Amino acid sequence: MKNRVFRTTAITALLLSLTACSGYQGITAVHREMDARDNLPAAVQNSNPDLPSDFRLLTEDAGVRYFAAESEDFTRACVAVYPVDKPDQWAIGCSEGITGDREIVTVNHTGQPTAKLVTTGFDTSALESGGWRKIHDNVLIGSATQP
C-alpha cells in the first residue's frame, strides 16, 4: 500500500512539474514596464472591470494604434484598436480561457481594419496565407470587411 501511494504521489508530482515547464506564459510584449506611450486615450474603456486593463502599446500601423492587456494568470486578454484620425471608431475585444498558443480575439469597427490578437509563438502562417497581414508578433490585420 505504501508503494502505491508513493508511486501515485511521484507520478502526480512529475506531471505537475511537466505542466509548469510547458505552461503558457502570456503575451511577451505585455510584460515590459509601462511608459507614457501605453496610456489608452480617455475615450477607450473596457466596460467590464473584471477584464484586463493594464494595456501596452504593441504597434502602430497606418495611423491605427494597437494595444493589448492580459490578466496576471494569462487566461484573459484584450486588444484595443485606436485609429488616431478617427478616435470615435475605436474598438476593444477580450477573450477568456486562454491556455496555450492560439488566436485570442478578433475585433472590428466599420471603416477600420479587422484586428486579430494572437498568443506569443502562435503559428500565423495559415492566417497570413488567407490574407491577414502580420504587423506585430501578436497582431494581424485584415481589410475593413474581413471577419
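This is a predicted model: local features need pLDDT of at least 70, side-chain atom pairs count only at pLDDT 80 or more; totals for chains, interfaces and linings use all residues.
Residues are numbered from 1 along each chain as its sequence is written, and side-chain values use heavy atoms, with hydrogens and water left out.

**The cavity**
- The largest cavity has a volume of about 30 Å³, taken as the space filled by probe spheres set on the grid points, which are joined across faces, edges and corners.
- Its lining (residues with an atom within 4 Å of a point) consists of Val-81, Gln-89, Trp-90, Ala-91, Val-107, Asn-108, His-109, Gln-112 and Pro-113.
- That lining divides into 5 nonpolar, 4 polar and no charged residues; Ala, Val, Leu, Ile, Met, Phe, Trp, Tyr, Cys and Pro count as nonpolar, Asp, Glu, Lys and Arg as charged, and the others, Gly among them, as polar.

**The sheet**
- An open, antiparallel sheet is formed by 4 strands in the order E5-E6-E8-E7; strands are DSSP runs (E, at least two residues), numbered from the N terminus, and two of them pair if DSSP finds at least two bridges between them.
- Strand E5 (103-107) and E7 are the edge strands, each pairing on one side only.
- From one strand to the next, the twist averages 25°, using axes fitted to C-alpha atoms and angles that run from 0 to 180 degrees between N-to-C directions.
- E7 (residues 133-136) and E8 (residues 139-141) run antiparallel, joined by 3 bridges, and they form a hairpin with 2 residues between them.
- Within this pair, Arg-133 stands opposite Ile-141 in E8.
- E8 also pairs with E6 (residues 115-118), again antiparallel and over 3 bridges, and here Leu-117 stands opposite Val-139.

**A loop glycine**
- Gly-97 sits in the loop between E4 (91-96) and E5.
- Beyond its neighbours within four places in sequence, Gly-97 is in contact (heavy atoms within 4.5 Å) with Thr-75 and Arg-102.
- Gly-97 and Phe-74 are 23 residues apart in sequence, with 8.9 Å between their C-alpha atoms.

**Confidence**
- The chain averages a pLDDT (the predictor's confidence in each residue, from 0 to 100) of 83, and 82% of the residues score at least 70.

Note on methods
On a 1 Å grid over the protein atoms alone, a cavity is a set of points where a 1.4 Å probe fits but cannot get out, and a pocket is an open set with protein on both sides within 12 Å along at least five of seven lines; lining residues have an atom within 4 Å of a point.
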